[in-house]
Amino acid sequence: MAAHTPENPQPSAGAAQTRRKAGRHRGEGQWAVGHFTPLNGNEQFKKDDDGLNVRTRIETIYSKAGFDSIDPNDLRGRMRWWGLYTQRRPGIDGGKTAILEPEELDDKYFMLRVRIDGGRLTTAQLRVIGEISQEYARGTADITDRQNIQLHWIRIEDVPAIWEKLESVGLSTTEACGDCPRVIIGSPVAGIAADEIIDGTPAVDEIHERYIGSKEFSNLPRKFKTAISGSPVQDVVHEINDVAFVGVVHPEHGPGFDLWVGGGLSTNPKLAQRLGTWVPLDEVADVWAGVVGIFRDYGYRRLRTRARLKFLMADWGPEKFRQVLEDEYLERKLIDGPAPEEPAQKWRDHIGVHRQQDGRYYVGFAPRVGRVDGATLTKIAELAAAHGSDRLRTTVEQKMIILDVTEDQVEPLVAGLEALDFQVKPSPFRRGTMACTGIEFCKLAIVETKGRGSSLIDELERRLPEFDEPLTINLNGCPNACARIQVADIGLKGQLVLDDDGNQVEGYQVHLGGALGLEAGFGRKVRGLKVTADELPDYVERVLRNFQEQRTDGERFAQWAARAEEGALK
């Protein structure tokens, strides 16, 4: 599948026909309609040099000459293709986030994202990440809600050595960020869960082998997010990915995948739409490449704010998208297929002790809002190995799982985890609270998140010890929704607000009743509903007590929040 780049303009006959008919879209910067002229700074630096090429300069120039030698287009652009973002300079408050120039916000240190496709780790790999954290990252380590692990305080001088250590155990940072196919999230219990419909691991591996690090898809209009899971609990938030393959059973063809396209959150959230197709396991990689190809060729490049696949899907609709995919990219028809069934489980995070297909057990446990540290990661690896496991997983809820534990080792493993403050039977608050990086390191953030999320857990456990309903509380430091605020039971979008004395302080706009899986939808915003950071525990306690008093039998928080009087939500 040849790339339709300015250097290789080879659109198909169908694309040429579309060019003649689509004059009104010419201003969107779509390659497939002949609009190759760079339209913004990002498109220009990608045209000037592929993001993947920056690795050579990092290894041969920047790591030797230091931070000040880095070209600005590499520093704030191409280095993302290798998992590197400059982090926020300490001491800059949230009120200056949107005012200062990038060079004023930049610290001379980096966040480094380790790409972990499918959340799959060996004990050796986790141990190496822990060692890198301690040696090069001041002990920092965060588990993300896309199954990656992020480190901070990375010096450019140390990056080649870090890559060498990661790659020695089969890990990398290749295309962990940037306008390219980012990590492929997958079921953390793929291939082991007793109730699995189909194991998507071979598809994850094939996509990674064929396309990650390839220049065929290294210049997309924006980031591209993929999810693949054959679990009946639908454990990869498929509704908010650019492309997702969801396990289903076709009445004639058996287990395979239902194809979803065009999901995404940020400031203009949209849920993915079904194309109505059934895709067998051995065709997933080809269909994935077709969807990415459409995004590369027809995606909107003129404005960064409209450059995600969700906008193209919103304009085209699923019928046209499927037709273009079949006619121009696959050159064959796809099989019609059934929709996935709604998941029966209220929790989809695999926390707790569960029996595997082979009779052994996997144990899911809950760090606090994804925050760990290098020394602890090393201890987790050692603990898993000591109890007979060589395999671990990260989840899309910032949690972890240890696989392959024999029955006699379950109790001592659980005791060891709890000694590290990792709970196998956590409260709903520990289990369901997530937080993005926040103002501590992120240049886009306005407020603090990680510490506030952790303290909120403590307060709610103290105030509401009997609360036992599934609940998600997601804290985000800015409007960009990295922590999925719109689809949380209680979504908290960081912003500056006025306190009772009229002072500008850190706070949150509140979204209530969002959900994925069961009745997927975005949360409700109540006019004027904002809380200061100091008021947050009081506010959440008040709303949850109202929920407990007013709910009907079996009613979930999201259902109650959708019907509740505004006064009960304030």
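Predicted model: local features only at pLDDT ≥ 70, side-chain atom pairs only at ≥ 80, totals over all residues.
Residues are numbered from 1 along each chain as its sequence is written, and side-chain values use heavy atoms, with hydrogens and water left out. Local features need pLDDT of at least 70 and side-chain atom pairs count only at pLDDT 80 or more, while totals for chains, interfaces and linings use all residues.

**Salt bridges**

The structure holds 48 salt bridges (a side-chain nitrogen of Lys or Arg within 4 Å of a carboxyl oxygen of Asp or Glu).

| Pair | Closest N and O atoms |
|---|---|
| Asp286 and Arg210 | 2.8 Å |
| Arg308 and Asp242 | 2.9 Å |
| Glu440 and Arg371 | 2.8 Å |

Asp286 sits in helix α9 (residues 284-298) and Arg210 in helix α8 (residues 201-211), so this pair links distant parts of the chain, 76 residues apart. Helices (H or I, at least four residues) and strands (E, at least two) are DSSP runs, numbered from the N terminus. Asp286 is partly exposed, at 33% relative accessible area, and Arg210 is partly exposed at 35%. Here buried means under 20% relative accessible area, exposed over 50%, and partly exposed in between, with a 1.4 Å probe and protein chains only.

In the pair of Arg308 and Asp242, Arg308 lies in the loop between α9 and α10 (309-316) and Asp242 in the loop between β7 (224-229) and β8 (243-250), so the bridge ties together parts that are 66 residues apart in sequence. Both Arg308 and Asp242 are buried.

Glu459, Arg462, Arg463, Asp538, Glu541 and Arg545 are joined in a network of salt bridges.

**Cavities**

A search of the whole structure finds 4 cavities of 30 Å³ or more. A cavity is a set of points, on a 1 Å grid over the protein atoms alone, where a 1.4 Å probe fits but cannot get out; lining residues have an atom within 4 Å of a point. A volume is the space filled by probe spheres set on the points, which are joined across faces, edges and corners.

The largest cavity has a volume of about 560 Å³. Of its 33 lining residues, the closest to its centre are Lys346, Arg348, Thr472, Asp489 and Leu516. The lining divides into 16 nonpolar, 6 polar and 11 charged residues (Ala, Val, Leu, Ile, Met, Phe, Trp, Tyr, Cys and Pro count as nonpolar, Asp, Glu, Lys and Arg as charged, and the others, Gly among them, as polar).

The second largest cavity has a volume of about 90 Å³. Its lining has 3 nonpolar, 7 polar and 2 charged residues, and α8 and β7 each supply at least two lining residues.

Note on methods: 1 Å grid on protein atoms, 1.4 Å probe; cavity = no way out; pocket = protein on both sides within 12 Å on 5 of 7 lines; lining within 4 Å.
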